[in-house]
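Subject: Handing over a structure

Dear colleague,

I am passing this structure on to you, with some notes on what turned up in it. Please have it open as you read.

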Amino acid sequence: MAVILMTGAAGSIGRMLRARLAHHELRLTDVRAEEGVDRLDVTDADAVERACRGVDAVVHLGGIAGEGPFEDVLAVNVRGTERVLQAARRTGVPRVVLASSNHAAGLYERGDAGPDGLADDVAARPDSYYGWSKASMEQLGRLYYDRYGLHVICLRIGSCCERPADPRDLSVWLSPDDAGRLVEAALTATGWRLVWGVSANTRRWWSTAGGLAIGYYPRDDAESWARQVGEPDLTAPENRLVGGPMTAKPLGG
Ligand SMILES: NC(=O)c1ccc[n+]([C@@H]2O[C@H](COP(=O)([O-])OP(=O)(O)OC[C@H]3O[C@@H](n4cnc5c(N)ncnc54)[C@H](O)[C@@H]3O)[C@@H](O)[C@H]2O)c1
């Protein structure tokens, strides 16, 4: 059991994780307070530092979860993450789990994947300002690991939702239960790592190596929903590129 500070706990993934990490002592926070969730704005350095005291790990989910104006993703995702890492270092928290995104590497395509799938740690190739902010968060994590030995596990999450919603999800879905397994594994991982956050999907084309290396064994498979969501057109950019439809949206939303 660990004491875990969760940011963004009122959001979609935060809600999924709360029950699945309930055997830990959870300190749930979000910029939007609600029952059981204290208000914490990750851009407020002093407040983040106070929240980090006595904590074993931070699970950092809070931020803008899609494309937005450059200044906004810079302020909330990048500066907010710097505040979290800085506070963790100052208060002696040994480990931070960062919610990165497939959009940090969204412009790779299926042809870039080797026989074992696209490597977890391919160099960043963002598809949007949002993806750029996630790549920047990853690199801030690397800076804090290299300079201070803070363990930072960056999860390049695919599409995390209750069930696959469209043909792309047959490849990139992360089930809520697997999200719980992934974060649990990340809570004991060491070093600076990039790990795909994806389930054991039959059609997955991203590597399993990064997950296996930290003891993440996904169990769910989007294939069970193939009939409902329909077959993907693999020549269409939304199915050919890691980042899916985001790769065609105007920058800034
Ligand atoms: N859901 C997915 O499929 C997916 C995929 C890739 C990455 N991610 C990442 O995972 C994280 C959680 O995603 P989600 O789907 O739950 O998104 P969400 O939008 O449902 O939740 C994000 C939460 O962050 C909070 N937040 C926003 N600004 C904040 C601030 N300044 N301080 C503290 N909290 C703030 C919001 O109030 C919200 O509750 C995000 O960082 C997102 O980028 C999600």
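Predicted model: local features only at pLDDT ≥ 70, side-chain atom pairs only at ≥ 80, totals over all residues.

Residues are numbered from 1 along each chain as its sequence is written, and side-chain values use heavy atoms, with hydrogens and water left out.

According to UniProt, in an unreviewed entry, residues 4-158 carry the feature "domain: NAD-dependent epimerase/dehydratase"; such annotations may be inferred rather than shown by experiment.

The largest pocket holds about 800 Å³ of space, and among its 37 lining residues I13, I64, A65, G66 and Y130 are the closest to its centre. (On a 1 Å grid over the protein atoms alone, a pocket is an open set of points with protein on both sides within 12 Å along at least five of seven lines, a cavity is a set where a 1.4 Å probe fits but cannot get out, and lining residues have an atom within 4 Å of a point; a volume is the space filled by probe spheres set on the points, which are joined across faces, edges and corners.) At least two lining residues come from each of α1 (12-20), β5 (95-101), α4 (129-148) and β7 (159-160), where helices (H or I, at least four residues) and strands (E, at least two) are DSSP runs numbered from the N terminus.

There are two cavities of 30 Å³ or more. The largest cavity, of about 80 Å³, is lined by 14 residues, of which I13, L17, L155, I157 and V183 are the closest to its centre. Two or more of its lining residues come from each of α1, β5, β6 (151-157) and α6.

The second largest cavity has a volume of about 60 Å³, and its lining includes R110, S171 and W205. Helices α5 and α9 (237-240) each supply at least two residues to this lining.

S171 itself belongs to helix α5 (residues 169-172), and it counts as buried because its relative accessibility is 5%, buried meaning under 20% relative accessible area with a 1.4 Å probe and protein chains only. The side chain of S171 makes a polar contact with the side chain of R110 at 3.3 Å (a pair of N or O atoms within 3.5 Å, of which, within protein, one must be able to donate a hydrogen and the other to accept it, residues adjacent in sequence counting only if both atoms are side-chain atoms).

With best wishes

Definitions and conventions
Buried < 20%, exposed > 50% of the residue type's maximum accessible area, 1.4 Å probe, protein only.
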